[in-house]
Amino acid sequence: DAPQSSGGGSGKLVGGCIGLGIIIVILFFAVSALWTEGDSVTVTGHSWNRTIAIETYQTVNDSGWGDDMPNGARESSRSEKQRDTRSEQTGETCQNVNVDNGDGSFRQEERCEPVMEDIPVMDEWCAYTTDTWAEGRTEQASGNDTNPSWPDLSLNTCPKASLGCEREGTRTESYAVQLQDSGGATHDCEYDADRWASIPKGGVADIEKRVMGDSVVCDSLKLK
């Protein structure tokens with residue numbers, strides 16, 4: 001009879017080819033992301049945005065473990081919930097094994113291993129309300145010039161925290177320049193305030209541009 005061929009070898013070959021193809025694709029995209037070429041851009045504009053979070057002293061709903069509730073919290077409900085897991089011995093498994101006596105003979109000894117089980121540790125989980133500072137609104141200012149300013153604030157300030165009082169929270173700011181490359185495509189690049197202010201509108205600069213995706217590497221900007 002003619003020998004039968006096995007499909008195992010061809011299956012491994014196909015699997016290997018697929019794996020190699022995946023590696024090639026990953027390498028292609030990795031190299032493409034790093035592959036850049038030089039270009040010239042013109043600064044066509046500036047933009048900025050500044051935001052101030054306004055915190056309000058208000059009643060908020062929250063939940064947590066009973067022993068972690070903040071002072072002054074008002075409990076609304078309580079339930080049992082798993083908080084942790086502990087390992088506990090629930091028995092043992094034993095078997096007889098041969099032990100060499102050293103003279104060519106053997107004796108039997110019983111060897112036992114503990115049987116462990118994960119036991120849930122339960123605790124009290126509480127829902128509650130509490131009066132605290134939390135973000136209530138934001139005030140924002142933005143522009144398309146080089147004169148950034150913070151938004152004007154009108155706050156309901158109080159000498160002592162009480163419901164409805166307001167205070168200033170976190171300030172955030174962002175600055176971007178608009179660039180046009182030699183092909184006419186536009187790009188936005190964000191910088192810190194000092195560098196942003198030092199880049200003049202109408203200025204010409206060299207920059208690295210990614211070959212794949214046609215995006216620019218903002219940190220490579222060098223004014224001429």
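I am working from a predicted model, where local features need pLDDT of at least 70, side-chain atom pairs count only at pLDDT 80 or more, and totals for chains, interfaces and linings use all residues. Residues are numbered from 1 along each chain as its sequence is written, and side-chain values use heavy atoms, with hydrogens and water left out.

Entry: core. I looked up the largest nonpolar core and found 16 residues. Such a core is a set of buried Ala, Val, Leu, Ile, Met, Phe, Trp, Tyr and Cys residues joined through side-chain atoms within 4.5 Å; buried means under 20% relative accessible area, exposed over 50%, partly exposed in between (1.4 Å probe, protein chains only). Val177, Leu179, Cys189, Tyr191 and Leu221 have the most contacts inside the core.

Entry: aromatic pairs. I found three, counting rings of Phe, Tyr and Trp (its six-membered ring) with centres within 6.5 Å; planes under 30 degrees apart are stacked, over 60 edge-to-face, the rest tilted. One of them is Tyr57 with Trp133, edge-to-face at 5.3 Å centre to centre and 70° between the planes. Tyr57 counts as buried at 18% relative accessibility, while Trp133 is partly exposed at 25%. I also noted Trp65 with Trp125, edge-to-face at 4.8 Å and 85°. Trp65 is buried at 15%; Trp125 is partly exposed at 23%.

Entry: charges over rings. I required NZ of Lys or CZ of Arg within 6 Å of the ring centre and within 35 degrees of the ring normal. Lys81 lies over the face of Trp125, 3.8 Å from the ring centre. Arg171 has its charged end over the ring of Trp150, at 4.6 Å from the centre.
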